[in-house]
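User: Hi, I'm new to this one. Could you walk me through it?
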Amino acid sequence: MSDSQAEAAKLGSDSSSEDSGSQQQPAIFERPTGWRRIYYHPVLQVALLGFVCFMCPGMFNALTGLGGGGQVNTTAQANASAALYSTFAFFGFFSGSINNLLGPRLTLMLGTWGYSLYISAFLAVNIHPGAGDFVTVAGAILGVCAALLWTAQGSLMMAYPTEAQKGAFIGIFWAIFNLGGVVGSAVAFGQNFHSTAGSVGNGTYIGFLILTLVGVVLPIFMADPYKIVRTDGTRVVRVRHPSWKTEFISLFVALKTDPWILLLFPMFFSSNWFYAWQFNDYNGAIFTIRARGLNNFVYWSSQIFGSLFIGYVILDQTRYRRRVRAFAGWVLVFGMVFVIHIWAYFYQRTYTRQSVSLATDIDIYSEDYPAHVWLMIFYGLLDSMLQTYAYWLMGAMSNDLAKLAVFTGFYKSLQSCGSAGVWRADGVGLPYMNIFLSTWVLTAAGMVFAFPMVYYRVRDHTENAEDILRVESDKE
């Protein structure tokens with residue numbers, strides 16, 4: 001592996017060195033012309049990736065955001081979510097290696113079909129109320145599929161842009177992806193505007209199911225990532241396809257060669273913890289079904305603005321060094337964690353799991369509705385900024401597709417470990433206040449642990465020598 005540096009340059013890694021004399025410059029390739037120039041453009045490919053997630057995870061988010069999957073009783077959805085994130089957590093640790101072996105497009109396609117199965121399970125429950133076990137099984141299967149989808153998505157989204165474009169590309173993806181939640185929420189709100197049943201109708205589930213099936217076929221139309229030439233003329237680094245044993249070893253090699261990633265693990269763990277409280281214990285607990293639909297709509301809409309704001313305005317401001325932008329992003333997200341949770345605490349004090357009922361639900365015409373819906377808007381902003389910042393930090397550590405796939409696998413696996421725990425806690429009826437306080441503490445702790453990594457590991461440029469994931473057993 002003594003010539004790995006030259007190999008990396010030949011493959012077109014876009015990483016650069018502050019000491020240009022000590023390392024070879026990346027090879028520059030001519031970008032295609034005609035229609036191929038459009039089709040193989042990194043922005044179009046990231047947009048297509050966004051639409052895959054618009055159709056599949058976007059519809060899942062719209063359904064989850066209604067609270068209880070749109071049902072009156074949230075127990076079935078909470079148990080399904082616990083099963084989902086448990087399998088996600090296990091397979092997430094190995095999905096990076098699976099992605100490297102099968103390739104991002106095939107991995108992405110395999111990951112989409114579980115969303116259709118999951119939504120069809122809720123349709124079955126609406127028709128046959130005793131089919132709750134089907135929802136739990138569908139959730140467990142979706143966990144496997146989601147681990148594959150999100151690992152492929154993360155490695156592609158972070159590999160297509162140049163170093164200066166990573167925040168913008170993450171923002172573009174996140175905006176399109178969250179449009180799925182926006183559209184799905186709008187459909188649910190419109191179809192259930194006059195409903196007094198407390199749960200969504202069959203038409204809502206059928207609409208979501210059709211959209212997820214569209215998402216299953218979209219990866220077929222995406223380009224081979226290794227044919228993509230970035231806007232600066234460099235190519236995406238080709239991932240080698242060695243044995244399963246070698247790919248398994250790459251997980252530990254990534255930890256050994258870049259141990260700073262460990263300081264992001266608490267952030268990864270807590271990055272979806274708050275969903276249980278937001279969707280089931282706040283939106284699903286104290287609002288009518290149409291208010292839940294409108295809350296869901298503004299929540300996912302605000303995510304679009306949050307991701308674009310932190311991506312374009314903060315993280316990709318090239319007039320400032322990358323380290324400065326990293327600190328600015330940290331301060332913004334950390335400050336929002338405390339402001340929003342202090343605000344939410346005063347609402348959580350007013351109700352318990354035992355005190356809520358359909359008779360006390362807040363409707364869109366209620367006097368106190370505007371103040372409560374603004375909290376959902378700011379929670380959406382916080383969620384998108386936190387997720388965008390986490391991806392940006394990983395992208396700042398490497399430009400190598402194989403290494404980024406492993407990092408993304410760690411991210412989604414630990415995220416799912418946290419989610420499995422909190423959804424199970426909600427399923428067994430833990431007090432709302434307990435879940436809320438755990439949300440606040442863990443989210444803040446994740447940012448605190450990330451700060452030393454930001455301070456010591458984030459540099460203004462990614463070095464060639466540390467960029468490529470090397471596994472010694474690859475030697476011939």
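This is a predicted model: local features need pLDDT of at least 70, side-chain atom pairs count only at pLDDT 80 or more; totals for chains, interfaces and linings use all residues.

User: How many salt bridges does the structure hold?
Analyst: Four. A salt bridge here is a side-chain nitrogen of Lys or Arg within 4 Å of a carboxyl oxygen of Asp or Glu.

User: Which residue pairs with Asp258?
Analyst: Arg457, with the closest N and O atoms 2.9 Å apart. The two sit 199 residues apart, Asp258 in the loop between helix 10 and helix 11, and Arg457 in the loop between helix 17 and helix 18. Helices are DSSP runs (H or I, at least four residues), numbered from the N terminus.

User: Is Asp258 buried or exposed?
Analyst: Buried, because its relative accessibility is 3%. Buried means under 20% relative accessible area, exposed over 50%, and partly exposed in between (1.4 Å probe, protein chains only). Arg457 is buried too, at 4%.

User: Switching topic: which residues make the nonpolar surface patch?
Analyst: Trp260, Phe451, Tyr455 and Tyr456, covering about 420 Å². Patch residues have over 30% relative accessible area and no salt bridge, with nonpolar side chains (Val, Leu, Ile, Met, Phe, Trp, Tyr) joined within 5 Å and like charges within 9 Å. Areas come from the Shrake-Rupley method with a 1.4 Å probe, and for residues only the protein chains shown count as cover.

User: Where is Tyr456?
Analyst: In helix 17, residues 432-456. Tyr456 counts as exposed, at 54% relative accessibility.

Definitions and conventions: Residues are numbered from 1 along each chain as its sequence is written. Side-chain values use heavy atoms; hydrogens and water are left out.
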